[in-house]
Amino acid sequence: MPGRDQIRQKFRQRFEDANRSIRKIKPQDLRSAMSGRNAAFALGAAVVVILIWVLNTGGNDPDASARRQMGASSPAAIMEEMSKTAMPAEQADPAAPAKKAEPADAQHSALEASVEKTEQEKAERRRAALADRTVQNPNFDESVEVDISTRSVAITSGFSGQRIVVFGAVHNSLQASPQQGLYDVVVVLEGAKSKLISRRKSNVAGLWINTQSVEFESVPSYYTISSTRPIVEISTPRVFDEYGIGFQHIRIEPRAADAAKLGPAELQSFRESIIRLKAGEGLYQRRPTGVEFIGRSLFRTSIDLPANVPIGTVVARTYLFRDAELIAENTAAVELQRQGLEALMHSFAFDYPLLYGMLAVAIAVGAGLAASAVFSRGAH
Amino acid sequence: MNLYLPIAEMPVNVLIFLGMGGAVGFLSGMFGVGGGFLMTPLLIFSGIPPAVAIGTEAAQIVASSVSGAIAQYQRRNVDIKMGIVLLTGGIIGSILGVQIVKELRQLGQFELFVSLAYVIFLGIIGSLMMIESLNTMRKARSGAVVSARRPGQHSWIHGLPLKMRFHRSKLYISAIPVIVLGAIVGFLGAIMGVGGGFIIVPAMIYLLRVPTNVVVGTSLFQILFVTSATTILHSVQNHTVDIVLAMILMIGGVIGAQFGAVAGEKLKGEQLRFLLAGLVLLVCLRVAWNLVVMPSELYSLSSIVGGH
C-alpha cells in the first residue's frame, strides 16, 4: 500500500530530524539556555524547594512507603504465592537447601558466591536448630503443623517489602467446618532480638535534650501478631505473658541497673515507647483477624514484611487454642538475607572498610572529573 | 523508583534524592560553596540516619570539589605550601572528629551536638555575611569604592612564632594559626558533614589576609583532601558511608552545580553573599527550631554500638 509507505517515510524523516537536532545541542547551548528568565526560574524553584523543607517542620515520614504496602491482601495473590512453594505434607526436611528466591546472576563473582554460600550455610544451621519444635498439650489429641510460603527472602537493591504466607493445619481436627470457630490460631512473627536503648528528651535550659535512658535486653527487631480473633477474646493474659503473645506481653526486660533507678510507671512508659516507635516504623504490626481457616483443619495468614524489615531470621511461632486453653504450638522460620549487589556491598563495607572508603573516594573523584570534562568542553 | 540502600538499610526514592542533589548542587554552584551544610540536614530530615548522612556527604563533597580544585590549580590559584599546612591540621581535626562522632553516638548526644554545631556556626557566619553584604550594597549604592582586602593591617595573629613564607599568597606568617584553622575545619567537617568552605574562606580572607583569588583555590585543595580522608575514616571507624546514596547525590549535585555556576555569573558578588547569608540563616533557624520546640515524640530508640 503506497499510503503506509508514505507514512513510514515521513516518520523516518521526522526521527532523523529529531536525532540531528539532539546531536547539535552542545554544552554551551545548555549554558546559554540558563540565561535571564531561565536562571531566575531555576533559582526560584530551588528557593521554593528549600522553603518547603524549612516550613515542613513536622512532616518527617520516612516509612510512608512501607505503610503504603500494608494494603488489603487479595486472596488470588496469596494462593498464587502459596502455589509457588509446594506445600509439604510433613515438616520440611531441615537438610534441604534453602530455596533461592532469585535466578542466579549471569555474572556471578567469586566473592559474591562465597558470601551467599556462607550465608546459606548459616541459614541452614539456624533452620535445623529451629525445626521440629512441635509442642503438644498431653490432654488434647490435636496438634498443629505450620510452614511459610518461602524459606528465604532476598534483600536486593530493588527490595521494597514482601508478602509471605504462613499456613498450617490442625491435626485431628474436630471442627466440622471453617465457620464453626472451635479453634483459635495465633501466629507471632518475630525478628532477631537485640539490645536497644530508649532515650527520653526533657527540656534543659530551653533545649530538648536526651536526659533519661533505659537499656532493654532483648527487643525483637520485628514483631507481627496475626490471629483469628482479637487476642483478648482468645485466652487469658497469664498465657500471653508466658509465651510473649501480643504487644502488651512481649518479653522486653530492662537492664537490672536501669530498672533499679526508675519507678514501675516510668519503666512502663519506656517499654511503651519501644512498642509505639517500632509500630510507627511499621516494624510492629497487629492483625487481629488476620488468620483465616480455609477448611476443617487448614488455616493461613498473609503478612507483609515491610521494606525496612531488619535482616536476619524471622521466626513464625504458631499457637493453637481451644476454649481459651493452649493445646499445641509449632514453629517455622524464614531467612531474610542480602543477595546480589546488596550482599556484596554490605560485606565489602564491613569486611574491607579501608578499601571501601578508598573506593568511595575514587568514585567521587571520577564523578567530579567526568562532570567537569562533560560540561567544560567548549565552554570558556 | 525505589532503591534499597546497603548501608542505611532502607529503601529510598531515587528521583527525590536526585532532585535533592540537583537543587543543592544548583545552589552550591551558584554561591561557590560545597553545599554540605544544606545537604546533611536535608538527608537527616528525610530519614537517613544522621551518622550515615554525615559519612556519605563527605564522599559527595569530594565529588563536588574535585573539578573546582583542578580548575583552580590550572589557573595557578592554589598555594600548595599553605594547602599542605592546612591539610596537616585538617587531618588531625578529622581524626579527632570521627572519634568524637563514635563516642557521642554511644552517649546518645550525637544529634544534639551536631544540631548545636550547626546553630552556632551557621548563625555566626550567616549573620556576619548578612551584615557585610548589606553594608557593601549600601556603600555601592552611595557610590563609595569598596575593597574587601585592607593590606598593611596587622593583628595578634602576625605576632606568633614559627613563621613561614607562603610565596603564592605573598605572606610571611606563623604556621600555628594555619594549622589550627585547618584542624577546626577538619573537625567540623567530620562531625557536621560539611566541607567547611563557609568557615575557611572568610577565615583565610579576614584572619590570615590571604589574597582572595588564592583563597578559593587553596581552600578547595584543602577541602578535597580533608573530605577524602574523612570519607575513608568514616568508612573504617563507623561504617557509615553509603556508596549508593553518595552516587545518587553526586549525579544530581554535579549537574545542578553546572547550571548554578552559570546562574551565579548573572548576580553581583554582594547580592550572592546576601542570598547565601539568608540561606545559611534559614538552615540555622530550622535546626534551632527542632532544638527549642517541644518534639511530638519525646522518646527515641538506638542500638548499643555503631549504626546497627
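This is a predicted model: local features need pLDDT of at least 70, side-chain atom pairs count only at pLDDT 80 or more; totals for chains, interfaces and linings use all residues.

User: OK, and how many bridges join S5 of chain A to S8(A)?

Analyst: Five, and the two strands run antiparallel. S5(A) covers residues 183–190.

User: What is the bridge partner of Tyr223(A) in S9(A)?

Analyst: That's Tyr284(A). Four bridges link S8(A) with S9(A), residues 284–287, and here the strands run parallel.

User: Is S8(A) mostly covered or mostly open?

Analyst: Mostly covered: five of its five residues, 223–227, are buried. Tyr223(A), Ile225(A) and Ser227(A) are buried on one side, and Thr224(A) and Ser226(A) are buried on the other.

User: How much of chain A is buried?

Analyst: Buried residues account for 31% of its 380 residues. The chain has 11 helices and 13 strands. Of its contacts with a separation of 6 or more, 77% are between residues 24 or more positions apart.

User: Switching topic: what's the strand order in the open sheet of four strands in chain A?

Analyst: S2-S4-S11-S10, with antiparallel pairing. S2 (143–148) and S10 (292–293) of chain A each have a single partner strand, so one side of each has no neighbour in the sheet.

User: What joins S10(A) to S11(A)?

Analyst: Two bridges, antiparallel, with S11(A) spanning residues 298–305. Phe293(A) stands opposite Phe299(A) there.

User: Now the interface. How many residues does each chain put into the contact?

Analyst: Chain A gives 61 residues and chain B gives 59. On the side of chain A that touches chain B, at least two residues come from each of H3 (36–55), S6 (193–204), S7 (207–220), H9 (264–280), H10 (341–351) and H11 (353–376) of chain A.

User: Which element gives the largest share of that side?

Analyst: H11(A), with 16 residues.

User: And what's the breakdown by class on the side of chain A that touches chain B?

Analyst: It has 36 nonpolar, 19 polar and six charged residues.

User: Which strand of chain B is joined to S6(A) by bridges?

Analyst: S5 of chain B, residues 299–303: five bridges join S6(A) to that strand, and the two run antiparallel. As one spot to look at, Leu196(A) stands opposite Ser303(B) in S5(B).

Key. Residues are numbered from 1 along each chain as its sequence is written. Chains are lettered from A and ligands numbered from 1 in the order in which they are written. Two residues are in contact if their C-beta atoms, placed from the backbone, lie within 7 Å. Ala, Val, Leu, Ile, Met, Phe, Trp, Tyr, Cys and Pro count as nonpolar, Asp, Glu, Lys and Arg as charged, and the others, Gly among them, as polar. Two strands pair if DSSP finds at least two bridges between them. A residue is buried if 20 or more other C-beta atoms lie within 10 Å of its own, exposed if 12 or fewer, and partly exposed in between; C-beta atoms are placed from the backbone.
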